[in-house]
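Take a moment to look over the structure below.

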Amino acid sequence: MTPSANPVAVAANPWLARPATIESITREFTDVSTYHLRFADPEIDSAYRFRAGQFNMLYVPGVGEVAIGVSTGGPGRPTEDGPPTWDHTVRLAGQVTAALDRLGIGGSLGVRGPYGEPWPLDSCAGDEILLVAGGTGLASLRAAVYELLAHRDRFPRVRLLYGARTADGLLYTSEYDAWTAAGMEIDTTVDRGSPGWQGHVGVVTQLLTRLRPWDPERTSLWCCGPEVMMRFAVRAALARGLPKERVWVSMERNMQCAVGLCGHCQFGPEMICKSGPVYRFDRIERYLNVEGL
Amino acid sequence: MAERETKPDPKGKSLPASDDGPGAAGWIAKSDFQSFLDRLVALGYRTIGPTLIQGAIGYDEIRQVDDLPKGWTEHQSAGSYRLVRRDDDAWFGFNLGPHSWKRYLFPPQQTVAKAIKRDDGWQLDDVEDAEPPFAFLGVRACELAAILVQDRVFLNEHHSDPIYRRRRENALLIAVNCTQAAETCFCTSMGTGPRCVVAFDLALTETELGFTVEIGSPRGASVLAGLPIREAAPAECAEAASARQQAEDQISKRLDTTDIRELLLGNLDHPQWDDVAERCLSCTNCTMVCPTCFCHSVEEVSDLDGGQVDRVRQWDSCFNARFSYMNGGLVRGDVRSRYRQWLTHKLAGWIDQFDTSGCVGCGRCITWCPVGIDLTAEVAAIREVPK
């Protein structure tokens, strides 16, 4: 993906969003939807670029803003089928996400971004990439999946370990066949089995612990999910000899301005909107076990 | 008189120390000072300076020399501020009240964008800030330092705040050196004072009959043109130097900043956080009076039919419970974690984020804490028994 050298949807005024429209909605499950957005200004829409792992601020006037990772599949560039939409997978959690839910197709909102540090596609070139996701954390990795699969020459092995509470909480299941066909190895697990679930039951850490083959010298781990899940997953990987310098996690806090001015998303000395959300593990390790940071 | 440029400098580089030794400073008599205030008005400035407000010395518009708190001083200590009559008529014979210049460069409430509902969707608009240029009269050395700190926050290389930038670039900074110190002052520990040496357009030192005047910028020099200002006499310079020395000599509070970043970030589970949480009311006073605290939220203010929305930026505080709201819960649900957030951000995280401490040693957070929590004492307690 091209670097976001020209963030066309970022104005000089940090609080000024660009008008956008909901082109379609994919209902992932009860409380999670993917909104396929397009900027109202065609010039901005065609010039907009992001890097996998970055996020946008979605703005519902009168209600507020929420930070959502851009999960657009593919390179985020125009394709033969026309320009891609800008996809945002959102879990209903508060007022803004509820307002988004009420907007519906054709609904008008504001978008500004992209913001933040992306997944380390460049610095990990040549590595076997192990993606570990929990719940809606896969949304932050979806763009990275497409990017990795589009560049298999640079990534000799791409694997995904993905856990959710229940089988109907697994995101993007309709795409797994295509991902597998493109060369990704996928292993899923659920915390609680249900009728019809044939797969593994247990936490994602267990998949990581028994993953074969395992080459800690050549593997890079990218992890996104609830903080507690990331802590345990990373601990399991380190226990199997993976160096800390080859582990990346995507952090979440209350991001509001997205440019390091408002102070809400601090995590220790980090402003997650600016120096994150993707961090190399060793940079934030000492803060991950501190309660209430 | 030497001239220096004082444009906002995101790096906050130190300028050479000023000098009002004989021949280097000007002098303006108090009896001529009204002509200086009138000049500022004539140049289009809105002059803001110290004046009595609700039993304290705060900042507000100054038009007449009589608006200044002549003959008043304050007694400050942890959790206490009292206005007291001086036994002389000094105009700037005090240190600092609860206000800081941040109120004007980064206002407590400010509309930063608008949304208007049209048939084809929301129109999202910028806003113009129409505030006339400010002349800040009576800026202390620690406050100049605080402005340089906020410059790094709001005018950094990644993003700049257009309202802050405009106001900051237009503002004329007329510093007045401290000639006394409060019990809560510790600028010498933070390397920010008490002498004004950087970032001012003009720096005054009050003497009995007038002010010595140092020029810090071409803009400062041009403001003075035509005013009844003469070269300061050696005796006047000596009187000013001795008054400034008095301020320095009176400073008794200390904050040991040695390795303070590691000290605090390495002691995030120190029992002192529990101790201070027993006293802290999480009232946000310290963050409201702090001249560098910048955290803010943007509220959506709709008209009645929801067709027009003002996005109103307001000062927020890490002591507000909702500040750390995320996904239906609070990250920092107790006072312990909120106080720790404030102190570690101010004295440690700030260094990572802006390459400077967030504290300038003004002591306001100590004075205005309703229970008298003194951050220098909290740091000392952690330093005494580190993990």
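Predicted model: local features only at pLDDT ≥ 70, side-chain atom pairs only at ≥ 80, totals over all residues.

Within strand E3 of chain B, Gly58(B) is the bridge partner of Thr51(B).

Another part of chain B holds an open sheet of four strands, in the order E7-E6-E14-E13, with antiparallel pairing. Which strands stand at its edges? They are strand E7 (121-126) and strand E13 (296-302) of chain B; each has a single partner strand, so one side of each is left without a neighbour in the sheet. On average, and with direction ignored, neighbouring strands of this sheet are turned by 25° against each other. The partner of E13(B) is strand E14 (residues 308-315) of chain B, and the two pair in the antiparallel sense over seven bridges. In this pairing, Ser297(B) stands opposite Gln314(B) of E14(B).

Now consider chain B as a whole. It contains 13 helices and 16 strands. Its C-alpha atoms fill a box of roughly 65 × 65 × 40 Å along the principal axes. How does the radius of gyration of chain B, 22 Å, agree with that of a compact globule? For 387 residues, such a globule would have a radius near 21 Å, so the value for chain B agrees with it. Of the 387 residues of chain B, 50% count as buried. Among contacts in chain B with a separation of 6 or more, 74% are between residues 24 or more positions apart.

Chain A has an open sheet of seven strands, in the order E10-E9-E8-E7-E11-E12-E15, and here the pairing is mixed. Strand E10 (200-201) and strand E15 (278-280) of chain A stand at the edges; because each has a single partner strand, one side of each is left without a neighbour in the sheet. Inside the order, strand E11 (residues 219-224) of chain A and strand E12 (residues 247-250) of chain A run parallel and are joined by three bridges. Trp222(A) has Trp248(A) in E12(A) as its bridge partner. Helix H8 (residues 281-288) of chain A packs on the sheet, where it touches E12 and E15 of chain A. The direction of this helix makes about 95° with that of E15(A).

The domain assignment divides part of chain A into domain 1 (18-115) and domain 2 (128-250). The centres of these two domains of chain A, taken over C-alpha atoms, are separated by 24 Å. Their contact takes 14 residues from domain 1 of chain A and 13 residues from domain 2 of chain A. On the side of domain 1 that touches domain 2, strand E1 (18-29) and strand E5 (86-91) of chain A are the elements that give two or more residues. By class, this side of domain 1 has five nonpolar, seven polar and two charged residues.

Finally, the two chains touch each other: the contact takes 36 residues from chain A and 45 residues from chain B. On the side of chain A that touches chain B, E1 and strand E6 (108-115) of chain A each supply at least two residues. E1(A) gives the most to this side, with three residues. The residues of this side of chain A divide into 17 nonpolar, 15 polar and four charged.

Notes. Residues numbered from 1 in each chain as written. Chains lettered and ligands numbered in written order. Domains from an automatic or database assignment. Contact = placed C-beta atoms within 7 Å. Nonpolar A, V, L, I, M, F, W, Y, C, P; charged D, E, K, R; others polar. Pairing = 2+ DSSP bridges. Axes fitted to C-alpha atoms, helices over the stretch in contact; angles between N-to-C directions. Rg over C-alpha atoms; globule rule 2.2 N^0.38 Å. Buried ≥ 20, exposed ≤ 12 C-beta atoms within 10 Å, placed from the backbone.
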